[in-house]
Amino acid sequence: MSANPITPTIPFDEDGVHHGFLRLPYSRDDSAWGSVMIPIAVIQNGEGPTALLTGGNHGDEYEGPVALQDLALTLSPGEISGRVIIVPAFNYPAFCAGSRTSPIDKGNMNRSFPGRPDGTVTEKIAHYFDTVLIPMADIVLDFHSGGKTLDFVPFASAHVLDDQNQQDACVAAVRAFNAPYTAIMLEIDNVGMYDTAVEQQGKVFVTTELGGGGTATARSIAIARKGVRNVLRHAGIMAGDITLEPTVSLDMPDGDCFVFSEDEGMIEPVIDLGEKVSKGDVVARVWATGKTGVAPVEYRAKRSGILMARHFPGLIKSGDCLAVVATVV
Ligand SMILES: [Zn+2]
């Protein structure tokens with residue numbers, strides 16, 4: 001395979017604060033020799049571990065980009081030992097379009113790993129992370145939320161892994177992030193995910209779902225800001241104690257957690273995020289939109305727990321995920 005075409009405009013191995021870009025050549029109608037310029041900051045002070053921090057893996061999720069822009073602006077080398085690599089908008093073309101996937105190639109970054117150096121724009125970015133940035137890192141934090149079509153209770157999570165020591169290290173970092181909810185997830189379909197690429201390289205990995213609906217809230221951003229600093233302290237990169245607040249442990253044991261709509265229509269939520277639900281309870285109704293006199297279709301929980309996620313915004317199509325019920329451990 002050819003070499004990856006991305007060039008960083010800043011060094012990765014010099015002390016201090018460097019703000020720059022990952023420059024990816026992208027020849028197109030409005031710029032024959034143009035480039036995609038992905039913002040990146042590298043903050044380094046001497047020897048120590050490396051943290052790789054990303055937001056905007058999906059372009060319509062905002063807690064990560066806001067918290068990481070803030071961190072890149074405010075973190076000084078004097079506060080750290082080691083290196084912090086910050087990419088607030090991982091799938092930068094998607095982020096600029098405010099969409100989950102890239103408008104250039106429809107690439108979903110979290111289904112594009114390990115990527116290709118000679119592939120689409122999204123595949124080239126994925127390949128650069130897979131071959132250059134992930135190998136540099138000891139610990140990786142990737143921010144997500146529900147985007148425009150889902151809303152979540154705020155949680156940080158680790159995956160069930162074959163290597164128990166690696167899983168324990170990931171869970172410890174997730175607990176340090178200290179979101180209001182904590183989930184250990186068995187990923188059913190992990191092919192192509194950034195998560196999988198990071199975990200396969202033996203790194204400590206933390207991911208989140210901090211809200212959704214195509215925006216962030218003051219509360220969800222506060223969780224992100226606190227969490228990223230906690231993870232840096234946990235990794236030994238920042239000094240200082242971690243103050244842990246109570247977290248609710250969630251489990252998603254199988255496919256019964258998911259409620260999918262079989263109808264097109266208007267959602268009537270019957271319970272809200274974080275509320276308790278028993279198996280068989282109605283979680284939402286879907287109303288016809290085109291006429292009156294039609295009873296709504298009721299959708300029921302297939303297990304007991306709390307409402308962990310819901311569809312967003314108010315209209316839904318057949319096949320969309322209507323609700324997710326997680327078990328409280
Ligand atoms: Zn996402």
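Where is Lys-106 found? Lys-106 sits in the loop between H2 and H3, and point 5 comes back to this residue. Some notes for you as you look through the structure.

1. Ground rules. This is a predicted model, in which local features need pLDDT of at least 70 and side-chain atom pairs count only at pLDDT 80 or more, while totals for chains, interfaces and linings use all residues. Residues are numbered from 1 along each chain as its sequence is written, and side-chain values use heavy atoms, with hydrogens and water left out.

2. The zinc site. The zinc ion has as its protein donors His-58 (ND1), Glu-61 (OE), Glu-61 (OE) and His-144 (ND1), at 2.1 to 2.4 Å. Donors here are N, O and S atoms within 2.8 Å of the metal (3.2 Å for Na, K and Ca); water is not among the atoms, so sites may look incomplete. Along the sequence, the donor residues follow the spacing H-x2-E-x82-H. The arrangement is irregular because the four donor atoms subtend angles of 56 to 147 degrees around the zinc ion. For reference, four donors count as tetrahedral if all angles lie between 85 and 135 degrees; four count as square planar and six as octahedral if opposite donors are over 155 degrees apart and all others between 65 and 115; anything else is irregular. Both His-58 and Glu-61 are buried (buried means under 20% relative accessible area, exposed over 50%, partly exposed in between, with a 1.4 Å probe and protein chains only).

3. Glu-61 again, now in a salt bridge. Glu-61 also pairs with Arg-100 in a salt bridge, with 3.6 Å between the closest N and O atoms. Glu-61 lies in the loop between strand E4 (50–54) and helix H1 (63–74) and Arg-100 in the loop between helix H2 (92–97) and helix H3 (121–136), so this pair ties together parts that are 39 residues apart in sequence. (Helices, H or I of at least four residues, and strands, E of at least two, are DSSP runs numbered from the N terminus.) The two partners can be set side by side: Glu-61 is buried at 2% relative accessible area, whereas Arg-100 is partly exposed at 36%.

4. Other salt bridges. The whole structure holds eleven salt bridges, each being a side-chain nitrogen of Lys or Arg within 4 Å of a carboxyl oxygen of Asp or Glu. One of them joins Asp-118 and Arg-116, at 3.1 Å from N to O; Asp-118 is partly exposed at 44%, and Arg-116 is partly exposed at 37%. Glu-268 and Arg-285 form another, with their closest N and O atoms 2.9 Å apart. Glu-268 is in strand E13 (residues 265–269) and Arg-285 in strand E15 (residues 282–287), so the pair ties together parts 17 residues apart in sequence. Glu-268 and Arg-285 also belong to a network of salt bridges with Glu-298 and Arg-300.

5. Backbone details worth a look. Lys-106 has a positive phi near 65 degrees, although the residue is not glycine, and counts as exposed at 63% relative accessibility. Asn-178, another non-glycine residue with positive phi, has a value of about 60 degrees. Asn-178 is placed in the loop between helix H4 (164–177) and strand E9 (181–185) and counts as buried at 5%. Two cis peptide bonds also deserve a check: Phe-113 to Pro-114, with omega about 5 degrees, and Phe-312 to Pro-313, with omega near -10 degrees. Pro-114 is in the loop between H2 and H3, and Pro-313 is in the loop between strand E17 (305–311) and E18.

6. Cysteines. How many disulfides are there? The count is zero, a disulfide being a pair of cysteine sulfur atoms within 2.5 Å. Cys-321, for one, is in no disulfide, and the nearest cysteine sulfur, that of Cys-257, is 10 Å away. Cys-321 is buried, with a relative accessible area of 17%.

7. Leu-315 at the surface. Leu-315 is in strand E18 (residues 315–316) and is exposed at 56% relative accessible area.
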